[in-house]
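Let's take a walk through this one, starting from a single side chain and then moving on to the charged pairs.

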Amino acid sequence: EVVNARGGVGWRHGLLDDPRPKTEWQLEVQQIANQRSIVRAHMNDPYTPYLDEMLRDAMSSGPEILSRIFADNAGSGAEWIPNNTFAELEREMQFQTGAHSVFADRPMTQSAMKLPYQEGNLRPYIGAVPTTNDPANYTLSDRTTRENTLSVVTLAVATQVDRDASEDSIIAVVPEISGDIARAFSFGYDDIVMNGDTAGVHQDAIATWNTRGIWGAAGLGGADDHRHAGMGLRARAQNLGTNVDSTAAQTSAGFRTVMKTLGAEYFSKMNTTGSLKWFVSPEFFLGTMLGFTDLITWDQAGPNATILTGLLGGRKGPSPGSVGFLYNVEVILTPFLTADLAATGLYTGAGATNTAVVCDVDDFEWRTRLGLQLETDTNIRNNTVTTVARTRRLFRTKANDTTSNKDNVATAYNLTS
């Protein structure tokens, strides 16, 4: 808009809208800009890098005063070069999880239920041959019964978004939130299985333990920390005394010694159900265990390999994270066994050792009262949408309690990688 000599208001044509281009260069710039505008007008998500570059080159070849000021800076051409956003979300590399899924999941119809339990076995005795009337009675066997009370724990993930931002975002927010929630629960379940502890004071210094940076620094170690939600494998082995300092025996034979600390009743499962499993950290597997002479990896599982011609027994296939077998016991990688433990096998905030866990997965289970339930709530007063996902379940051992003589889990700690 300009003011002419007579005081009237009019318009002065610019470089791109002048109907009478003064030079061939101006005509070329107008043609490129017009072509670019038409193409972008037909796009849902305008993206024209080739035409952007053509316009930039044309402007740079114009009169010195224009070529000197035209650049990707505010007021000097940046307004003609938009910064577009891809309609896709790129994520950092995530850990693969799923170790929790090798344990059975059984339903509960109430939040707290009693489960009858029997210990020991009946015993046969030799019966005497009757030689007189009213002979001696057969010797009786005693049956020991108890009951366990199972109480599920509520686990919840909650997040909030601004409604306007959710509507305007080029990324579909709701599916991304759903994926984040599923990932959070999967991570949490694996962490409970490996590192949970129901003691009043957790065996690890979880107030500072941000496992592999997954959880963030805030809110660790409180009463609502998910690692209080169940008795994990490491804590149970600690309670049973089946934790073995293996720093001097990081070999196949050393791991066989650790397996000997399990109850003898679990050895028979090595060649039948395949329910014995080793869980190891990625660092220890790649740094040490992969060199074990008796480790059979999946690349050796060809049609003629012993792993398929008899060694597998009743197995139904590899578990999530499976990398092979040691003495017919499947080896599973999990990121929730870490390489930052103290020489005691516990997390103290200082240390660089690993722990490996072997257990009978049939002797542990999940009990679920409520499967994953997703709910949303819109608050029109502050224009936000809150999404809450929750589940009610319990991870437990089938042994009667943590002091039972059923040694169904053992650990090899103080391992290097």
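Arg-234 is buried, with a relative accessible area of 4% (buried means under 20%, exposed over 50%, partly exposed in between, using a 1.4 Å probe and protein chains only). You'll find Arg-234 in helix H6, residues 233-240 (helices, H or I of at least four residues, and strands, E of at least two, are DSSP runs numbered from the N terminus). Its neighbours, leaving out residues up to four places away in sequence, include Trp-209, Leu-337, Tyr-347 and Thr-411 (contact means heavy atoms within 4.5 Å).

Keep in mind that this is a predicted model, where local features need pLDDT of at least 70, side-chain atom pairs count only at pLDDT 80 or more, and totals for chains, interfaces and linings use all residues. Residues are numbered from 1 along each chain as its sequence is written, and side-chain values use heavy atoms, with hydrogens and water left out.

Now for the salt bridges: the structure holds 11 (each is a side-chain nitrogen of Lys or Arg within 4 Å of a carboxyl oxygen of Asp or Glu). One of them pairs Asp-105 with Arg-393, closest N and O atoms 2.9 Å apart. Asp-105 sits in strand S3 (residues 104-107) and Arg-393 in strand S14 (residues 384-397), so this pair ties together parts 288 residues apart in sequence. Asp-105 is partly exposed at 45%, while Arg-393 is buried at 9%.

Glu-365 bridges to Arg-106 at 2.7 Å between the closest N and O atoms. Glu-365 is buried at 1% relative accessible area, whereas Arg-106 is partly exposed at 32%. These two also belong to a salt-bridge network with Arg-367 and Arg-396.
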